[in-house]
Amino acid sequence: MTQFTPYGLYEARGFISANLAQETGFNESDLKALFEAILNMYEHDRSASKGEMAVITPLVIFRHVGTDSDLKQRKRQARLGCAPTHHLFDLAQVEKKPEVAYPRSWQDYNATVSLERRPAGVDIGFLTSPYGDISWNRVPEDAELFR
């Protein structure tokens with residue numbers, strides 16, 4: 001007998017270390033390729049086990065930019081990070097709508113990002129298309145999950 005889950009909502013979290021990226025030569029082009037792969041991950045790999053899985057946009061991105069007026073120091077701050085990761089992830093919340101007993105769609109959830117609680121030296125980006133631009137510090141109108 002095959003086990004069946006009628007609906008599941010998954011959250012994925014990823015990390016890029018600026019220091020390790022610098023050591024390995026990871027660059028902006030690599031980052032764009034990673035974002036494209038994440039947003040398209042189910043489009044080119046359909047199978048019975050994945051069914052109709054999809055990535056619901058936007059991809060939420062945290063970027064450390066630093067706060068110092070000195071450019072060299074600001075870059076150093078950004079490489080080390082301006083806020084702990086768990087604080088940043090706490091800014092984004094996805095919760096089941098209270099009136100929904102058994103979710104069957106991503107539309108049965110509410111999603112929020114607390115832009116007003118964004119720490120100094122951190123930008124929050126939203127990417128809705130693998131080939132589009134990142135919307136920094138504002139939720140774009142075409143962000144499916146934030147409708």
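I take buried to mean under 20% relative accessible area. With that cut-off I went to strand 4, residues 122-127, in what is a predicted model.

**Entry 1: strand 4**

I checked both faces of strand 4. On one side I found Val-122, Ile-124 and Phe-126, and on the other Asp-123, Gly-125 and Leu-127, all of them buried. In a regular strand the side chains alternate between the two faces of the sheet. Six of the six residues of strand 4 are buried, so I noted the strand as largely enclosed by the rest of the structure.

Next I looked up the partners of strand 4. Strand 1 runs antiparallel to strand 4, and six bridges join the two. Within strand 4, Asp-123 has Arg-63 standing opposite. Strand 5, residues 135-136, also pairs with strand 4 in the antiparallel sense, over two bridges. There I noted Trp-136 of strand 5 opposite Gly-125.

The charged end of Arg-63 sits over the ring of Trp-136, at 3.6 Å from the ring centre.

**Entry 2: the largest nonpolar core**

Which residues make up the largest nonpolar core? I listed nine: Phe-62, Ala-83, Leu-88, Phe-89, Leu-91, Val-113, Val-122, Ile-124 and Phe-126. Strand 4 gives the largest share of this core, three residues. Helix 4 and strand 4 each supply at least two of the core residues. I also recorded another core, lying apart from this one, with six residues, among them Leu-31, Phe-35, Leu-39 and Ile-61.

**Entry 3: Val-113**

I picked Val-113 from the core list and placed it in strand 3, residues 109-113. Val-113 has a relative accessible area of 12% and is buried. Leaving out residues up to four places away in sequence, I found Val-113 touching Val-60, Leu-91, Ala-92, Ile-124, Phe-126 and Phe-146.

**Entry 4: aromatic pairs around Phe-89**

I looked up the aromatic pairs and found three in the structure. One of them joins Phe-15 and Phe-89, with 5.6 Å from centre to centre and 75 degrees between the planes, an edge-to-face arrangement. Phe-15 lies in the segment before helix 1 (18-24) and Phe-89 in helix 4 (residues 85-89), so this pair ties together parts that are 74 residues apart in sequence.

I grouped Phe-15, Phe-62 and Phe-89 as one aromatic cluster.

Finally I listed the contacts of Phe-89, again without residues up to four places away in sequence: Arg-13, Gly-14, Phe-15 and Phe-62. Of these, Arg-13 lies over the face of Phe-89, 4.3 Å from the ring centre.

Notes: Residues numbered from 1 in each chain as written. Predicted model: local features only at pLDDT ≥ 70, side-chain atom pairs only at ≥ 80, totals over all residues. Heavy atoms only, no water. Phe/Tyr/Trp six-rings, centres within 6.5 Å; stacked < 30°, edge-to-face > 60°. Helix = DSSP H or I, 4+ residues; strand = E, 2+ residues; numbered from the N terminus. Lys NZ or Arg CZ within 6 Å of the ring centre and 35° of its normal. Buried < 20%, exposed > 50% of the residue type's maximum accessible area, 1.4 Å probe, protein only. Pairing = 2+ DSSP bridges. Core = buried A, V, L, I, M, F, W, Y, C linked by side-chain atoms within 4.5 Å. Contact = heavy atoms within 4.5 Å.
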